[in-house]
Amino acid sequence: MPKDGIGPIVDSKGEAIAELMLEVAQCFFRIRALGQKTGLITSWGGGAFGFMRSLALLGPLTVPQIAQMRPTSRQRMQRLADELAAEGLVKFIHNPKHRRSKLVQLTPIGDARYRELNTQLLSIATTMGVALSEPDIRRTTEIVRRLSDDVRGRSKL
């Protein structure tokens with residue numbers, strides 16, 4: 001128990017989780033800075049690459065669908081969709097399931113840009129983690145994914 005008797009009892013596992021969370025947050029900010037430097041992330045922080053990746057993997061989606069996949073607002077994803085459309089990377093198309101909510105689709109230019117960014121990401125990733133084994137990397141990915149799922153569940157409360 002803390003010295004003042006207030007607060008939760010923290011065990012070594014709790015301390016380890018807290019340290020992991022702080023390291024992941026620090027790593028995120030470094031990844032974001034690298035992403036902005038390389039063009040994988042827009043200068044205002046929007047994830048252009050992630051947005052285009054969703055469309056490349058899943059096909060046309062509505063802005064609300066894309067927003068639901070991320071911890072962000074529909075308005076932020078709309079801003080990113082509009083920015084990408086202005087650059088000719090995505091276009092809004094008719095949605096047969098909804099009159100007002102258009103589908104967002106990669107344009108041929110957007111698909112080429114996505115492939116270019118994906119190649120760039122893989123090139124960067126290939127040079128990272130030299131001292132780590134692939135099984136260690138995959139295990140770490142699974143651990144972070146499970147921690148993320150736990151956080152997502154708690155944030156819906």
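How close do the axes of helix H2 and helix H4 come, and at what angle do they cross? The views below start there. This is a predicted model, where local features need pLDDT of at least 70 and side-chain atom pairs count only at pLDDT 80 or more, while totals for chains, interfaces and linings use all residues. Residues are numbered from 1 along each chain as its sequence is written, and side-chain values use heavy atoms, leaving out hydrogens and water.

**View 1. Helix H2 meets helix H4.** The axes of H2 (residues 48–58) and H4 (residues 74–86) come within 11 Å and cross at roughly 85 degrees. That makes H2 roughly perpendicular to H4 (65 to 115 degrees counts as such). Ala48, Phe51 and Met52 of H2 touch Met77, Leu80, Ala81 and Leu84 of H4, contact being heavy atoms within 4.5 Å. By class, that makes seven nonpolar residues, no polar and no charged ones.

**View 2. Arg115 pairs with Asp111 in helix H5.** Their closest N and O atoms sit 2.9 Å apart in a salt bridge (a side-chain nitrogen of Lys or Arg within 4 Å of a carboxyl oxygen of Asp or Glu). Both lie in H5 (residues 108–126), four residues apart. Arg115 is exposed at 52% relative accessible area, whereas Asp111 is partly exposed at 27% (buried is under 20%, exposed over 50%, partly exposed in between, with a 1.4 Å probe and protein chains only).

View 3. Asp150 is partly exposed at 37%, and Arg154 is exposed at 59%.

Terms used
Axes are lines fitted to C-alpha atoms, for helices over the stretch in contact, and angles run from 0 to 180 degrees between N-to-C directions. Helices (H or I, at least four residues) and strands (E, at least two) are DSSP runs, numbered from the N terminus. Angles under 35 degrees count as roughly parallel, over 145 as roughly antiparallel, 65 to 115 as roughly perpendicular and the rest as oblique. Ala, Val, Leu, Ile, Met, Phe, Trp, Tyr, Cys and Pro count as nonpolar, Asp, Glu, Lys and Arg as charged, and the others, Gly among them, as polar.
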